[in-house]
Amino acid sequence: MSDLSDIKKVIDILGKVSSVVISEPNMDRLLTRVLQVLANEIEIIFGDFTLRQGDLYHLKSAYGLNPEEIERGVFSPGEGITGTVGLTGEPYLVEDVLCEPAFLNKIQHPSLSRHNAFLCVPVKRMEKTVGTLSVVRPTLSRAELELEMQILQIVGNLTAEAIAVFYEEQKYRASKEKEDKFLFEIGLANQVQQAFLPSKYPEVEGYEFYHYYQPAQHLGGDFFDYIPVYGDRLALVLADVSGKGLSAALLTVKLSAVLRNIFGKYRNLKTTVEKTNQEFCGLHSNGRFITMELGLLDAKTHDVQLTNAGHLFPFLRRADGKVEILGIGSQCFPIGLFRDYPFREFSVHIEPGEKLIILSDGITEASNFKGELFQKDRVIQSLSACKGNSAKEIGENLIKNVLDFVGSFRQTDDQCIMVFGRK
């Protein structure tokens, strides 16, 4: 699991699925767009989502099927592979459909008459199977197919969280009284979440800090913090929890508590990341994972140790305005995916006037009316072109450029920025 190509593949797929989950307000289009991401990223020939309605599993969206076949897609628990996965809650892998005598499927498809692999995973929320996700793709090695099974499991469960949000929204729209109560509770949850975010900047001799956080909704899934560590060191974290809504926001609160507790015990970057990952691995069954950039600053040596858990690469702005991307080749899997994954770290030395910039993908993926994204090239241009050199000037200039680029287009993802460095 440590191969960089595997890491990039997982991060790319989960990042694109997360973007769909966050931005798509229609459930049918959501399922279709997730399948399209899979078609583009892992070359599926055929794929489908079923959702449980009563005692049956109904085919809701499919890639590679015509509308008539979708209408006929209804499965009882235990019927065929789809019904069996729905009944048992266990994934099912067929390496070659032509060599599988027990292969049963109500919908016959041309892809099932060739040497292809069939993968079917339960779509779960809160450990309860609410549907299935199946794909047919050209066969690969057993290890490669097992990796894709894990990817599909996470994609399916992440989608389940979004579906649950749709259902909850429908329920609350049906009752104004409940909707008002829901908004009141969301307001209370927002106050709790805000209480866990820094209210002031750290005081570190010779250093300056700046942060900006703007959630896209009442509750955000981005998180940042400054954590004092024994030995006059300072940990800095910027994280992005997958999904949206109340459950994502509550995980940011949990992350704050976990990081502070583990840093207090171990005082070591690598150990803290790995212990945090183990703490959250039990939660990915609900489709949750966390991308995170975690740094540990030693203000005496001016060295910063960093670990990138599936997050955007950080930027270093030199005193002369030149900008570098840090940690290429050192990126790791997100938090909460693989329990025993050995995280890597890298380090950077901060010279006078240099600033380190950490962002969430709400900055690079900010979109305008033309559908264009801000992307990292514009980030680099903004950082380099800033006339001032203070952390505040650099951060505020980047925010201004993002807002000018977006205009009045609706924001669909949280935006978070941290800038720190030597004066």
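Predicted model: local features only at pLDDT ≥ 70, side-chain atom pairs only at ≥ 80, totals over all residues.
Let's start with Cys332, which is buried, at a relative accessible area of 0%. By buried I mean under 20% relative accessible area, with exposed over 50% and partly exposed in between, using a 1.4 Å probe and protein chains only. Cys120 is buried too, also with a value of 0%.

Residues are numbered from 1 along each chain as its sequence is written, and side-chain values use heavy atoms, leaving out hydrogens and water.

How many disulfides are there? Counting pairs of cysteine sulfur atoms within 2.5 Å, we get zero.

Now, the nonpolar cores. Each is a set of buried Ala, Val, Leu, Ile, Met, Phe, Trp, Tyr and Cys residues joined through side-chain atoms within 4.5 Å. The largest one has 93 residues, and Leu38, Leu133, Phe209 and Met292 have the most contacts inside it. Helix 5, residues 142–173, gives the most to this core, with 12 residues; helices here are DSSP runs of H or I, at least four residues, and strands are runs of E, at least two, numbered from the N terminus. A second, separate core of 21 residues includes Leu359 and Ile363.

Last stop: Ser360, in the loop between strand 16 (355–359) and helix 9 (361–364). Ser360 is buried, at 0%. Leaving out residues up to four places away in sequence, Ser360 touches, among others, Asp222, His311 and Cys416, where contact means heavy atoms within 4.5 Å. A polar atom of the Ser360 side chain lies 3.0 Å from the backbone nitrogen of Cys416.

Key:
Polar contact = N/O pair within 3.5 Å; in protein donor to acceptor, adjacent residues only side chain to side chain.
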